[in-house]
Amino acid sequence: MQEPAKPMLIDGRQTSTSNDPLVSVNPARGTINHAISAAGPDEVDLAVQTSARAAARPDWRDLQPHQRAAVLHRISELMQRDAEVLAHLQMIENGKVRSECVAQVRSAAATFRYYAAVCETLGSEVTPARGNYLSMVVHEPYGVVAALTPWNSPMTMEAQKVAPALAAGNAVILKPSELTSSPALELGRIALEAGLPPGVLNVLTGTGATTGAALVSHPGVRMVSFTGGTASGRRIAAIAAQKLMPVALELGGKSPHIVFDDADIEAAVEAVAGGIFEGSGQSCVAGSRLFVQREVRDRVVELLVAKARGIRVDLPDAPGARMGPIASFAHRDHIAGIVDAARAAGARILAGGAAPADPRLAQGAFYLPTIIDGIDNEAAIAQQEIFGPVLCVLPFDDEDDVIAQANDSVYGLAAGIWTRDYKRAWKVARALEAGTVWINTYKQLSISTPFGGFKESGFGREKGVTGMRLYQQTKGVYFGLDQP
Ligand code: NAD
């Protein structure tokens with residue numbers, strides 16, 4: 001590799017290190033994209049110091065909300081201007097199909113626009129007094145917020161954290177996944193161009209174990225917002241407990257997608273397939289456990305198998321590609337290992353269960369849309385998060401049976417229900433232990449609706465108006481009115 005490692009962004013400056021760089025590999029072709037500088041403890045310390053100074057700078061701290069909103073608007077516009085570049089970088093780093101990458105840039109830009117509006121319009125409150133005083137609530141930034149993001153949807157996750165944390169008046173240190181550093185570095189560049197003072201958004205690239213852990217542990221970091229796996233979330237929560245630092249955790253899932261016998265079967269099958277195979281199943285809300293009522297099981301499975309076999313798995317920039325590769329070779333092998341173990345334990349593989357035979361895809365980390373049958377909800381493959389295009393088919397008898405099975409999981413991120421009976425839909429939606437429930441739709445997401453997990457899928461809610469409050473601490477202020 002000839003090119004020098006891409007620098008990280010600290011205090012508005014491109015910063016390189018002598019540490020071993022990260023090497024980005026294109027998962028569709030197996031070729032090397034570029035190298036990326038990796039932050040060690042010294043760079044982490046420098047980033048936190050400069051962020052703390054930036055958080056206190058009058059040209060950031062004293063901005064009125066409408067002025068902060070103007071900067072967020074400008075970031076949104078510049079992201080749209082640079083959408084092709086951003087989408088391309090995500091595509092070569094995590095292998096998602098081009099159309100999905102473009103949609104994710106647009107969504108990220110819209111998130112900045114949304115939080116510009118929230119920032120400009122969200123007021124403080126005057127509370128009911130119990131005497132001759134005026135009491136009010138004001139909301140203040142933490143100071144330095146660390147945002148750690150995964151590789152599956154880097155830009156949407158980064159916008160979801162950075163936009164509200166900036167709107168709230170913080171300085172942010174963004175630590176993207178080691179697989180998808182480039183979109184975050186571009187966001188840092190765009191923010192500077194948009195007029196954000198240097199140091200208000202630092203971007204630290206590097207591994208979770210070294211860079212991420214040093215960042216979360218740093219005493220100057222006052223709040224952490226993390227999206228990633230449950231095991232990493234547990235480690236971060238342990239550090240946060242020692243520091244007594246607030247932390248928001250968006251973690252893994254094993255979401256139930258429920259099809260009752262009275263559902264619109266064609267529509268349900270379409271949504272079940274999209275819910276697990278879009279993005280090669282690398283979605284925290286992937287509907288990976290299909291609960292199908294026994295009466296319609298055979299028909300649903302037959303339609304789903306046909307759909308899975310018909311999905312065009314191809315290079316992510318090939319016209320008409322529906323599914324690209326898995327984001328890394330290591331993760332593809334991890335998925336294959338889980339499916340092979342289930343097969344060895346007696347599961348039936350109704351579709352997929354292997355890499356595609358197409359020789360054009362042989363150099364990439366591809367894996368076919370896979371449907372697994374002949375297991376129950378206690379099977380390892382039905383309990384562990386796979387984060388790949390693997391659907392488990394699990395029959396059920398009635399409402400109580402499916403509620404019990406669906407809730408029999410350590411996770412509680414999302415769930416889907418297909419039925420024409422609105423009373424049943426309501427009853428089941430309320431009984432499911434999940435932060436988001438979709439009825440006769442799936443993976444419908446809006447920046448204006450709070451999102452987060454129950455149980456080991458995490459805590460704290462991002463998005464929505466309260467998504468800005470996540471990055472603020474509340475202060476009560478009393479004015480005595482007795483004095484002349
Ligand atoms: P991951 O936990 O390995 O890494 C996420 C981020 O945290 C990365 O930036 C990584 O470098 C960093 N990190 C890892 N270990 C760390 C540590 N000990 N200290 C500090 N930082 C650390 O997750 P991933 O493999 O990048 O992403 C896949 C996971 O993310 C899946 O489990 C998926 O369900 C989850 N996810 C959840 C949501 C959600 O909103 N709930 C959304 C997307 C992905």
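Reader: What percentage of the 484 residues of the chain count as buried?

Author: It's 57% of the 484 residues, with buried meaning under 20% relative accessible area (1.4 Å probe, protein chains only). Keep in mind that this is a predicted model, where local features need pLDDT of at least 70, side-chain atom pairs count only at pLDDT 80 or more, and totals for chains, interfaces and linings use all residues. Residues are numbered from 1 along each chain as its sequence is written, and side-chain values use heavy atoms, leaving out hydrogens and water.

Reader: What is the mean pLDDT of the chain?

Author: On a confidence scale from 0 to 100, the chain has a mean of 97, and 100% of its residues reach 70 or more.

Reader: Why does the radius of gyration agree with a compact globule?

Author: The rule is 2.2 Å times the number of residues to the power 0.38, taken over C-alpha atoms. For 484 residues that is near 23 Å, and the chain has 23 Å, so the two agree.

Reader: Why are α4 and α7 called roughly antiparallel?

Author: Helix α4 (residues 83-94) and helix α7 (residues 182-193) pack at about 160°, with axes 9 Å apart. Angles over 145 degrees count as roughly antiparallel, so α4 and α7 get that label. The contact (heavy atoms within 4.5 Å) is made by L86, L89, Q90 and E93 of α4 with S182, P183, E186 and I190 of α7.

Methods:
pLDDT is the predictor's confidence in each residue, from 0 to 100. Axes are lines fitted to C-alpha atoms, for helices over the stretch in contact, and angles run from 0 to 180 degrees between N-to-C directions. Helices (H or I, at least four residues) and strands (E, at least two) are DSSP runs, numbered from the N terminus. Angles under 35 degrees count as roughly parallel, over 145 as roughly antiparallel, 65 to 115 as roughly perpendicular and the rest as oblique. Buried means under 20% relative accessible area, exposed over 50%, partly exposed in between (1.4 Å probe, protein chains only).
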